[in-house]
Amino acid sequence: MLIMNVLKPVLELLGSLGFLLYGMKLMSDGVQKSAGEKLQRALSVITGNRFVALLTGMVVTMIIQSSGASTVMVVTFVNSGLMTLPQSVGVIFGANIGTTITAWIVSIFGFNFKISAFAIPVFGFGYFLTILIKKSSYKNLGEAIMGFGMLFLGLSGLSDVFTPEQLGWLFNIHGTGVLSILIGFVVGIFITALLHSSSAFSAIVITMAYNGLISWELAAAMTLGSNIGSTIDAVLAAIGTSADAKRSALIHVMFNVFGTILALIFFKPFLSLVMFLTPGGANSNIAIRISMLHTVFKTLSTVVLLPMQTIIVKLSQLIIKDDKEADAKVYRLDFTAGPKENATTHIIQVEKAIADMTDVVTDMFDKIQIGVTKRNGEFIDKYKQEMVDAEDYVDQMHEQITHYLVKSQTLQVTEKQLAHITNMIQIVDELENMSDNCYSTIMLVIKSIERDMEFQTEDMERLLPYIELVRQFLQFIQRNINTQLSEEKLELAAELENGIDAFRKDLKKVARKRLECGANVKAELLYIDVVRRIENIGDNCFSISESLRNG
């Protein structure tokens with residue numbers, strides 16, 4: 001009987017904690033899948049203005065309910081070059097403020113209502129929303145609502161089990177001494193790191209304090225400790241990344257550690273400030289007081305540290321040295337999926353890689369016009385080996401990006417994301433084919449130079465506007481490589497394709513006439529081959545535009 005009295009509340013605690021954690025995950029995942037893509041794209045194009053970055057990080061985190069997810073995105077974007085290290089600082093600070101919203105939701109709704117009375121109907125509404133409405137956006141919203149219901153079911157269970165009668169023998173800590181505060185602080189670090197969620201741990205602390213199992217001082221210490229434990233996700237995401245990505249994770253750690261140490265040094269005055277700011281003061285609801293502590297701590301830390309952004313960046317650069325000089329001829333795009341990473345983050349990262357691949361291919365194409373214009377030994381000396389290296393580099397990009405996209409398909413992706421990934425695989429294939437055509441064309445030009453082939457002056461003059469037309473198409477693709485093309489832009493793509501085809505027919509027709517009149521056969525056939533391969537590049541551009549139409 002004694003064993004059952006001990007075992008029953010422990011099992012109820014684990015079950016309630018499971019509901020709470022899974023509810024938070026389901027809610028965060030649902031929000032990220034329904035609205036998170038736009039939010040994450042907002043993060044990826046953040047400006048250098050520190051206040052805009054701060055506000056963006058705060059709003060994104062408040063919506064997706066996870067500072068861990070936000071900071072992992074930041075580390076990923078810095079690693080891929082979508083965000084600079086200085087830009088990441090404001091976002092990280094904003095994410096830390098945004099994460100306090102969960103504590104306010106728990107403290108306001110969790111203890112002022114009979115939450116179990118509406119948690120089950122909310123869960124049921126979300127469930128039927130996911131199965132009755134097939135549209136993916138509603139399904140994702142339904143999952144978020146289900147998570148919201150599960151969160152409060154878990155919170156209700158914790159509230160029932162965290163009582164002196166149930167778990168008073170295990171948690172009934174009211175120490176206010178230095179040792180008790182330090183123990184609570186360390187517990188906050190390790191439990192939060194274990195749960196991978198400062199929001200979940202805040203809910204636990206609020207529940208325990210509300211039910212009288214821990215004192216106000218101990219709850220404050222545990223809350224402060226959770227801020228350090230919450231950095232675990234950013235640290236894990238930074239493993240194996242670039243120096244700047246590691247620095248962004250380090251800045252996240254420094255922000256939380258600095259603020260926490262400062263709060264511990266001035267512990268009593270800090271708690272007095274929190275009570276002063278909380279309506280009701282010492283007689284206020286302790287759940288509201290803990291939420292206020294969380295917000296005041298994050299806000300004060302940001303106010304102190306944000307003006308020191310430049311100093312913090314330089315400090316992180318002193319601690320973490322620059323990467324060793326990478327081999328410019330080797331391309332790598334490593335796929336890692338941590339606990340807080342999602343498909344959208346990976347998609348944004350691979351879009352950047354595809355844009356880089358497009359730039360390399362465009363640069364290869366530019367060498368065609370140089371070769372056609374100069375046609376001398378200087379061109380061979382300067383560009384032949386460079387083109388060999390560029391072709392090999394694009395082949396590596398093709399392999400690495402395709403592998404990354406295939407891995408991304410194994411994540412939890414929506415139908416729209418899966419279609420987008422499929423289109424990106426096709427685009428990468430076309431870019432690789434385009435690089436092959438660019439390389440082959442340049443090698444033909446080099447061959448004509450090495451064999452001292454003579455071409456009519458007017459032939460080369462006709463070729464230049466043809467190349468320019470294809471260049472316009474390639475630049476059109478370069479500008480729109482990661483956007484869904486409108487009907488107007490698709491019409492422009494079709495016009496460019498038709499113009500290239502018409503130009504190619506005229507050039508080949510003239511070349512054949514000269515063949516019939518006894519012109520140099522080898523020179524004319526090579527000329528026709530150059531014309532055909534340049535047209536193939538236009539075909540590659542049109543195929544990419546077709547893929548971009550599908551988004």
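My search of the whole structure returned six aromatic pairs, a pair being rings of Phe, Tyr and Trp (its six-membered ring) with centres within 6.5 Å, where planes under 30 degrees apart count as stacked, over 60 as edge-to-face and the rest as tilted. The model is predicted, so I kept in mind that local features need pLDDT of at least 70 and side-chain atom pairs pLDDT 80 or more, while totals for chains, interfaces and linings use all residues. Residues are numbered from 1 along each chain as its sequence is written, and side-chain values use heavy atoms, leaving out hydrogens and water.

I noted Tyr-127 and Phe-128 as an edge-to-face pair, 5.4 Å centre to centre with 75° between the planes. Tyr-127, at 38% relative accessible area, is partly exposed, and Phe-128 is partly exposed at 46%; buried means under 20%, exposed over 50% and partly exposed in between (1.4 Å probe, protein chains only).

I then looked at Tyr-466 and Phe-503, whose ring centres are 5.5 Å apart with planes at 45°, so this pair is tilted. It links distant parts of the chain, with Tyr-466 in helix H20 and Phe-503 in helix H21, 37 residues apart; helices are DSSP runs (H or I, at least four residues), numbered from the N terminus. Tyr-466 is buried at 0%, whereas Phe-503 is partly exposed at 26%.

Technical notes: Helix = DSSP H or I, 4+ residues; strand = E, 2+ residues; numbered from the N terminus.
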